[in-house]
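Please consult the sequence and structure shown below while reading.

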Amino acid sequence: MRTIIKVLSEGQIEAIEVSDFELAESFIKKNIGTSDGSSYFERTSFFNIKGIDIICDEEGKLKNLQPSLKLENDVIVGHCIVASIEGNEEGEFAWYGLKDEQLDVVIEKLVF
């Protein structure tokens with residue numbers, strides 16, 4: 001099993017256990033933005049740490065969603081998830097739950 005971190009609002013996080021398989025688009029959409037499944041998503045690097053992404057609502061600021069995560073040069077609004085991004089030999093990328101060592105890094109950044 002792996003884990004994703006869902007950031008609900010500033011200072012509120014939720015750990016969600018997921019399988020070792022690629023995260024489904026429907027799962028991502030239900031866990032970002034307003035969590036109603038209608039969001040288009042975009043990715044950004046999690047504090048420039050290789051292999052860890054933030055997936056958020058592409059239109060969150062236009063929807064006037066509440067801030068959830070402050071980055072160095074931006075603010076993420078609405079619910080977002082932090083996940084592992086991994087590639088295969090063909091150069092295709094997909095999101096997965098965080099491995100234990102990645103989870104430790106994410107928690108340290110979010111809590112401290």
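## The hairpin of β7 and β8

Strands β7 and β8 form a hairpin with five residues between them. In the turn, G91 has a positive phi of about 85°. The two strands run antiparallel and are joined by four bridges; β7 covers residues 80–87 and β8 covers residues 93–96. Within this pairing, I85 stands opposite W95 of β8. Strands here are DSSP runs of E with at least two residues, helices are runs of H or I with at least four, and both are numbered from the N terminus. Two strands count as paired if DSSP finds at least two bridges between them.

The model is predicted: local features need pLDDT of at least 70 and side-chain atom pairs pLDDT 80 or more, while totals for chains, interfaces and linings use all residues. Residues are numbered from 1 along each chain as its sequence is written, and side-chain values use heavy atoms, with hydrogens and water left out.

## Other partners of β7

Strand β7 also pairs with β1 in the antiparallel sense, over three bridges. In this strand, V82 is the bridge partner of I5. A further antiparallel pairing, of four bridges, links β7 to β4, and there S84 in β7 is the bridge partner of I52.

## The nonpolar cores

A nonpolar core is a set of buried Ala, Val, Leu, Ile, Met, Phe, Trp, Tyr and Cys residues joined through side-chain atoms within 4.5 Å. Buried means under 20% relative accessible area, exposed means over 50%, and partly exposed lies in between (1.4 Å probe, protein chains only). In soluble globular proteins, nonpolar side chains tend to be buried together.

The largest core has 15 residues, of which I54 and V82 touch the most other members. At least two residues each come from β1 (2–9), β4 (52–57), β7 (80–87) and α2 (100–111). The most are given by β4, with three residues. Apart from this core lies another, of ten residues, including V18, I28, I55 and I81.

Contact means heavy atoms within 4.5 Å. Not counting residues up to four places away in sequence, I54 touches E42, R43, T44, S45, F46, L69, L71, I76, C80, I81 and V82. I81 lies in strand β7 and counts as buried because its relative accessible area is 0%. With neighbours within four places set aside, the contacts of I81 include I4, I5, K6, L23, I28, N31, I32, D53, I54 and I55. The C-alpha atoms of I81 and I16 are separated by 9.8 Å, although these residues are 65 residues apart along the chain.

T3 lies in strand β1 and is buried, since its relative accessible area is 11%. Beyond four places in sequence, T3 touches A15, I16, E17, V18, G97, L98 and L103.

## The cysteines

How many disulfides does the count give? The count comes to zero, where a disulfide is a pair of cysteine sulfur atoms within 2.5 Å. C56 is in no disulfide, and the nearest cysteine sulfur, that of C80, is 6.6 Å away.
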